[in-house]
Amino acid sequence: MLTLDKIYHASYVLKDVIRRTELIPAPYLNKKGNIFIKPENLQLTGSFKIRGSYYKISQLSDEEKAKGVIACSAGNHAQGVALAATKNGIKSTICLPDCAPISKVEATRNYGAEICLVEGVYDDAYKRAIELRDEKGYTFIHPFDDIDVIAGQGTIGLELIDQMKNVDVVVVPIGGGGLISGVAFALKSLNPNIKVYGVQAAGAPSMKNSVEHKQIERLASVSTIADGIAVKQPGENTFEFCSQYVDGIVTVTDDEVSSAILSMLEHQKLISEGAGAVAAAAVLFDKVPVEGKNVICVVSGGNIDVNILDRVIKRGLFTSGRSALLKVELLDKPGQLVLVSKIIADLGGNVIGVHHERTNANTGVTGCWIRIDLETRNFEHISKIKSALTDAGFNILD
């Protein structure tokens, strides 16, 4: 049974283990409210998961510890369990989906765990972990649907109350629901007037669907760059907590998540993974009410693969109007490219790439076209450049 006393006990157990991540002002996310970030991406192992996994392992009996522990994860819970087990001298085996970022897999291995890669997504890794638990007698450490794990995550709620007495809104990522269950329970127990909103990826809305339909539902598939919250089915405990304590659940697209990652990287110099950025994305794109309110976004993790980060940054640049790709039809005669370049330069655009094609099936014999990659300020800037090119007689192709 989850109680406030249990969460306070978890806070006591964790006081010499975790970092107390301080709130950071983030006015750039939404000027309508007083926005702050809770940067759990700066936590040990790069995510909040160390809180729940360490507390859970600390509560095991000597017999359970002797058997060793097993867990399944998209990466962050894996690292938390591996570190907690190693610190307590316990053997750990972690089942990860084979789509998990390489950086998370290797980090888990480096924390001392034995790795078992499973084809598929989190739910497939969960199935294999249960099989190994039954075969080997390991103690299973559930990533979210466990009261001790939820209590450990709830310590974030205690910190938030202490760090901002007048907080109005807290926005939290949801995968399986362990984080928001603990945070919402702690916050609502101490101050029922605080609004708690959950955020899921549009490609994995398992908790949102379940709460709206008042029964646990399983998605046929999930698809999102936010691999840490790509969960097909919420837990029984977390479903009940979310139904009772969460004021609303919204979704964000991969493009919105990419924009949030880019925004935090530029303004805060903070690197967030996809799952970690969904709360910030919800605030950035007005998915939750923030006007005139003191708002905290929990950035749950920062363990993003550098190769994925590169693609996310490029996508974020396009979706925020910071980058543009123009295809312009020209007459094949001297001076045309110079004129196009001058128009762009006069308006402050920066050409970073040009591809020139003389003929194709859709242009005249004397025609050609160029594809231009641009650095721009925003969508208004792109529109001005397009208008100037059109006014100069150039045809912009779709």
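Author: Let us begin with a definition: a cavity is a set of grid points where a 1.4 Å probe fits but cannot get out, and its volume is the space filled by probe spheres set on those points. The model here is predicted, and in its largest cavity the space comes to about 320 Å³.

Reader: How do you know which residues line the largest cavity?

Author: A lining residue must have an atom within 4 Å of a point of the cavity, and 29 residues line the largest one, with Phe 48, Lys 49, Gly 175, Gly 228 and Ile 229 lying nearest its centre. Helices H4, H8 and H12 each supply at least two residues of this lining, which divides into 13 nonpolar, 12 polar and four charged residues.

Reader: What makes the second largest cavity count under the rule of 30 Å³ or more?

Author: Its volume is about 30 Å³, and by that rule the count comes to two cavities. Among the residues that line the second largest cavity are Pro 101, Lys 104 and Asp 227.

Reader: Why are the buried residues of H5 said to line one face of the helix?

Author: Buried means under 20% relative accessible area, and in H5, which spans residues 102-110, the buried residues are Lys 104, Val 105 and Thr 108. Seen down the axis of H5, these fall within an arc of 100 degrees, and therefore they line one face. The face turned away from that buried side carries Ile 102 and Asn 110, which are exposed.

Reader: What do the buried residues of H5 pack against?

Author: They pack against H4 and the strands E4 and E5.

Notes: Residues numbered from 1 in each chain as written. Predicted model: local features only at pLDDT ≥ 70, side-chain atom pairs only at ≥ 80, totals over all residues. Heavy atoms only, no water. 1 Å grid on protein atoms, 1.4 Å probe; cavity = no way out; pocket = protein on both sides within 12 Å on 5 of 7 lines; lining within 4 Å. Helix = DSSP H or I, 4+ residues; strand = E, 2+ residues; numbered from the N terminus. Nonpolar A, V, L, I, M, F, W, Y, C, P; charged D, E, K, R; others polar. Buried < 20%, exposed > 50% of the residue type's maximum accessible area, 1.4 Å probe, protein only. Arc of directions from axis to C-beta. Contact = heavy atoms within 4.5 Å.
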